[in-house]
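Please look over the sequence and the structure shown here before reading on. The briefing below takes up cavities, pockets, strand pairing and backbone details in turn.

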Amino acid sequence: MLDIQTLRNDLAAVAVRLATRGYTLDAAKFEQMEGERKTIQTRTQELQAKRNSSSKLIGQAKAKGEDVSAIMAEVANLGDELKQLELRLGEAQHELNAFLAVIPNTPHESVPAGKSEADNLEVRKVGNVPKFDFEVKDHVSIGEGLGGLDFDTAAKISGARFSLLKGPLARLHRALAQFMLDTHTEQHGYTETYVPYLVNAASMRGTGQLPKFEADLFSVNAGAVYTAEDLEKIEERGKEEKRILEQEGRKVLLMSSKTEHKFYLIPTAEVPVTNIVRDEIVALEKLPLKFVAHTPCFRSEAGSYGRDTRGMIRQHQFDKVELVQIVHPEKSYEGLDELLGHAETILQKLELPYRVVKLCTGDMGFSAAMTYDIEVWLPAQNTYREISSCSNFEAFQARRMQARFRNAQGKPELLHTLNGSGLAVGRTLVAVLENYQQADGSVAIPEILRPYMGGMEKLSGQ
């Protein structure tokens, strides 16, 4: 969430910066809402001050034995008006917060301006693109040829955009995740975490997935899965928080809104890991906090139908090793460079060619102030494809989460948050299969992974 003081003091400049992202800030609406809030708050403060002074007059009059009925009647009238104003002030603040919640972060001044991925800036290329003296296969053909990749059975079990791995190929997938975790914990100083795969709405709001991107999420309701009609019935029955009742033979938990009684399947470990510091004040000497987590990730891929329908590139469920840093604001861009390097190390150890690109303003995610993508070479596509996205969110997420630290003066100050994939496990598997494929249909196992594979040097067809 943006700093409201910055909007109040420099609205035009914020609007210009957001325009580079393709976002049009409704400045007139903000000014109208802020003006109304300010008017109500000013009037509320005036009445509170008047009530306090009148209460003192009542005490003084009583001490003198004077009649206080007129003053007391006036105070009672003030109380009624105050209640109405305080109610309206709360509503105005809620409306303002809802307005702010869907405004993206402002890009760092060094982010290149642009509209799409075509305007991203290539920073560097690392490694040599392999050359083959035989017809290159994609990971689907390779995996099926090895007898370890089965999309038909996955579709029978779940539907489209799921995959089933088995045998040595499943082991290779596990080996990649274990190798990544070991590298980040033993060499890069991250603390391994095991986190919930279901989170509440507050966690999704904290990292910026809600309210704007609910269509991209999978959700379940506490106690049962409901249709839209069910939810309407629940809403009509009442909004009392944490009240359990029997509804049509099922126990359900009524919360204050339709969103609040939902659990969400995590789209990335960024959500639960970053929310570790939600509503916390971290001691200065504990910074930076560095966490790593291996989790499945669940995404509806809303609006992406027709894209990457073949294979494992775009799935409803995939695994990822996620890196998160919680840092001092003065250290966040130093932290971003470090985190990026940690993610790159995995590809370097696997000897996979890749490139790093700096995303332009129009291609960055909602919460990011700056993002670098790492793209790995996929021979079958003859191009680089994203395998990691490393971002600095500055105070944007921390403000939503109220994640703070005590500065050198002992005062609470917002933290900066960063994260990046280190790496997406499925896409790394795809890159290994395609870059290490052999003419006979086998796949050489990268040397760094062989200890995780019981010394196995290649995958052969079954």
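What volume does the second largest cavity have? The second largest cavity has a volume of about 30 Å³, where a cavity is a set of points on a 1 Å grid over the protein atoms alone at which a 1.4 Å probe fits but cannot get out, and a volume is the space filled by probe spheres set on the points, with grid points joined across faces, edges and corners.

This is a predicted model, in which local features need pLDDT of at least 70 and side-chain atom pairs count only at pLDDT 80 or more, while totals for chains, interfaces and linings use all residues. Residues are numbered from 1 along each chain as its sequence is written, and side-chain values use heavy atoms, with hydrogens and water left out.

**Overall picture and confidence**

- The chain averages a pLDDT of 91, and 90% of the residues score at least 70; pLDDT is the predictor's confidence in each residue, from 0 to 100.
- Over residues 239-259 the pLDDT is below 50, although this stretch has 51 contacts in the model beyond near neighbours in sequence, a contact meaning heavy atoms within 4.5 Å.
- Where pLDDT is low, the predicted coordinates should not be read in detail.
- The secondary structure comes to 13 helices and 20 strands, these being DSSP runs numbered from the N terminus (helices H or I, at least four residues; strands E, at least two).
- The C-alpha trace spans about 105 × 55 × 40 Å along its principal axes.
- Of the 462 residues of the chain, 48% count as buried, on a scale where buried means under 20% relative accessible area, exposed over 50%, and partly exposed in between (1.4 Å probe, protein chains only).
- Among contacts between residues at least 6 apart in sequence, 73% join residues at least 24 apart.

**The second largest cavity**

- The structure holds two cavities of 30 Å³ or more.
- The lining of the second largest cavity is made up of I313, V376, L378, R385, E386, I387, R427 and V430, where lining residues have an atom within 4 Å of a point.
- Two or more of these lining residues come from each of β14 (370-378), β15 (383-392) and α13 (425-435), and the largest share, three residues, comes from β15.
- By type, the lining divides into five nonpolar, no polar and three charged residues; Ala, Val, Leu, Ile, Met, Phe, Trp, Tyr, Cys and Pro count as nonpolar, Asp, Glu, Lys and Arg as charged, and the others, Gly among them, as polar.

**The second largest pocket**

- The second largest pocket has a volume of about 380 Å³, a pocket being an open set of points with protein on both sides within 12 Å along at least five of seven lines.
- Of the 14 residues that line the second largest pocket, the closest to its centre are M1, N97, A98, A101 and R205.
- The elements α4 (69-101), α8 (201-207) and α12 (396-401) each give two or more residues to this lining, and α4 gives the most, with four residues.
- The lining of this pocket divides into seven nonpolar, three polar and four charged residues.

**A three-stranded sheet**

- An open sheet of three strands has the order β5-β9-β6, with antiparallel pairing, and its edge strands are β5 and β6, each of which pairs on one side only; two strands pair if DSSP finds at least two bridges between them.
- Strand β5 (residues 198-199) pairs with β9 over two bridges, and L198 has L265 of β9 as its bridge partner.
- Strand β6 (residues 219-221) is joined to β9 by three bridges, with S219 bridged to Y264.
- Strand β9 (residues 262-265) has a covered face, K262 and Y264, and an uncovered one, F263 and L265.

**Individual residues and backbone details**

- T295 sits in strand β11 (residues 289-298) and is buried, with a relative accessible area of 1%.
- Leaving aside residues up to four places away in sequence, T295 touches V195, Y197, I266, A269, F318, D319 and K320.
- A cis peptide bond with omega of about 5° joins L210 and P211, and P211 lies in the loop between α8 and β6.
- The peptide bond from G422 to L423 is also cis, with omega near 20°, and L423 lies in strand β18 (residues 416-424).
- E351, which is not a glycine, has a positive phi of about 55°; E351 is found in the loop between α11 (332-350) and β13 (354-358) and counts as exposed at 57% relative accessibility.
- E394, likewise not a glycine, has a positive phi of about 50° and lies in the loop between β15 and α12.
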